[in-house]
Amino acid sequence: MRNKIFKVSLIFGISAAMIVPCFTNAVSSSARTLGELKAELAAYKKKVNDNEASQTKTKNEINAAKNTISKAESEIQINQKRIEEAKKEIEQLNIEIAQTEEEIKNLIRSYEVMSGDNNYLEYIFGASSISDFIIRYSISEQLASYNDGLITSYENNIDENERLKKELAAREIELNNKIAEKEKAITSLNNQLSEFVEDAQDLRQQVKDIEASIKSYENSGCKDSDLLTACVNLVTDTGFTRPLKKGIRTSNFGYRTHPVTGQTNKFHTGIDIGGNAEGTNVYSIANGKVGMISQPAPGKKQCGGKMVYIYHSINGQLFTSTYMHLLNINVKVGQAVTAETVIGTVGGGSKTQSWESCSTGPHLHLSLAKGWYGSTYVSYSKWVANLVDPGLRQYTNIPGYGQYFYSRTW
């Protein structure tokens, strides 16, 4: 027997910075007429443009940080090569200094006279004449002075190379710190970038889906001053049924670890129902009208794949049910549906991989939100704020995680 819907006001809200469900007491529905819906869409399109500009700016900052890292790594490699060259030069200079010292000792033994040795004097006083004496003395002094200067020059080169080694080593530490800083910045920027990108679908595609919904209103004769509830003109209902004849709950509503990306504390906007092969019929969970249909652009993938949004009026309260990861879609925007209408078939498996970006196997993702998403409000964030757990007893009463059901009713 189909369950009567309870009057509850628990809905999920979000903070400005991130999606954080919390309890509130009002359904976020701003647009009442078609004209107000168009105005809200125009304002939202500006936000989308701002979002895309933020994404571009963040991507540019990431690329700049990567370029800085690349330059720093190249400089480190060059510096390391210079350090090795300096080490080799120091080793060669040490050898040359040792050789020069030996030559000085063998040629003029200049240091022996400093220690009182007579060999140096014997060389000078062995001159055959006064002119020879002066020449020998002068040559000895010049050789000693020259070789002392040569040693000093070598030692200065060693000191300079040692200074260069220390300078390059300090620069390498500085560059490694810069690399670590930029890598941290890249991580932060990537996190920031992911916050700019909405989870369920590409924002630009979302705008197109809402524009298609507005076009459907206009094609049905709805004027800007007309109330949206009158434009939709759907068959009301008193409760919900399940979207499948059988299945097993494979993921709950709320925070979880993302099964594809591995990201922790990722908000899941509905419940997943497995246990059915691709191509299994998916039914609307109540009487209503198709409000939006979202499909990936040709050649592109979309998280959620093919989706159908259906508007409901349950005991006077507005709801939007969403069916994601569909293999086929059997309805059109503006089409009236009942709880027996097959709106599409189960996808999410190998047959949808060409357009599906975040499914691990055949299943149906079912979301349920207060208000009409794409009609009484257009913001994805508002949709998330108005989400409820569709598996609760007052809605579809789908058994808990890991449990099977074998009927659309209970």
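Student: Let's start with glycine 374: does that one count as buried or exposed, and why?
Tutor: Keep in mind that this is a predicted model. Glycine 374 counts as buried because its relative accessibility is 0%, and the cut-off for buried is under 20%.

Student: OK, where does glycine 374 lie?
Tutor: In the loop between strand S15 and helix H7, which covers 380–385.

Student: And what does glycine 374 touch, if I skip residues up to four places away in sequence?
Tutor: Leu37, Ile210, Ser213, Met292 and Tyr311. Take leucine 37: in sequence, 337 residues separate it from glycine 374, yet the two C-alpha atoms are 8.3 Å apart in space.

Student: What about contacts in the whole chain, how many join residues at least 24 apart?
Tutor: If you take contacts between residues at least 6 apart in sequence, 73% of them join residues at least 24 apart.

Student: Let me zoom out, then. How many helices and strands are there in the chain?
Tutor: The chain has 7 helices and 17 strands. It has 410 residues, and 44% of those count as buried.

Student: Let's pick a strand. In S8, are the two faces covered or open?
Tutor: Both are covered. S8 runs over residues 271–274, with Ile271 and Ile273 on one side and Asp272 and Gly274 on the other, and all of these are buried.

Student: Which strands does S8 pair with?
Tutor: S8 pairs with strand S5, residues 247–251, in the antiparallel sense over 3 bridges. S8 also pairs with S15, residues 364–370, again antiparallel and over 3 bridges.

Student: Switching topic: how many residues does the largest nonpolar core have?
Tutor: That core has 58 residues. Tyr217, Val308, Tyr323, Ile343 and Trp383 have the most contacts inside it. Strand S11, residues 306–314, gives the largest share of this core, with 6 residues.

Student: Now cysteines. How many disulfides turn up in the whole structure?
Tutor: A search finds 2. One joins cysteine 222 to cysteine 231, with an S to S distance of 1.7 Å. Both of those cysteines are buried, and their link is right-handed, with 50 degrees about the S-S bond.

Student: Which cysteines form the other one?
Tutor: Cysteine 303 and cysteine 358, with sulfur atoms 1.9 Å apart. This link is right-handed as well, with 95 degrees about the S-S bond. Cysteine 303 lies in the loop between strand S10 (288–294) and S11, and cysteine 358 in the loop between strand S14 (342–346) and S15, so the pair ties together parts that are 55 residues apart in sequence.

Student: Last topic, rings. How many aromatic pairs are there?
Tutor: The search of the whole structure finds 11. One of them is tyrosine 311 with tryptophan 372, a stacked pair at 5.2 Å centre to centre and 15 degrees between the planes. This pair links distant parts of the chain: tyrosine 311 is in strand S11, and tryptophan 372 is in the loop between S15 and H7, 61 residues apart. Both are buried.

Student: Which residues do ring pairs link into a cluster?
Tutor: Tyr309, Tyr373, Tyr377, Tyr380 and Trp383.

Student: And what sits over the ring of tryptophan 355?
Tutor: The charged end of lysine 306, at 4.3 Å from the ring centre.

Methods:
Residues numbered from 1 in each chain as written. Predicted model: local features only at pLDDT ≥ 70, side-chain atom pairs only at ≥ 80, totals over all residues. Heavy atoms only, no water. Buried < 20%, exposed > 50% of the residue type's maximum accessible area, 1.4 Å probe, protein only. Helix = DSSP H or I, 4+ residues; strand = E, 2+ residues; numbered from the N terminus. Pairing = 2+ DSSP bridges. Contact = heavy atoms within 4.5 Å. Core = buried A, V, L, I, M, F, W, Y, C linked by side-chain atoms within 4.5 Å. Disulfide = S-S within 2.5 Å. Phe/Tyr/Trp six-rings, centres within 6.5 Å; stacked < 30°, edge-to-face > 60°. Lys NZ or Arg CZ within 6 Å of the ring centre and 35° of its normal.
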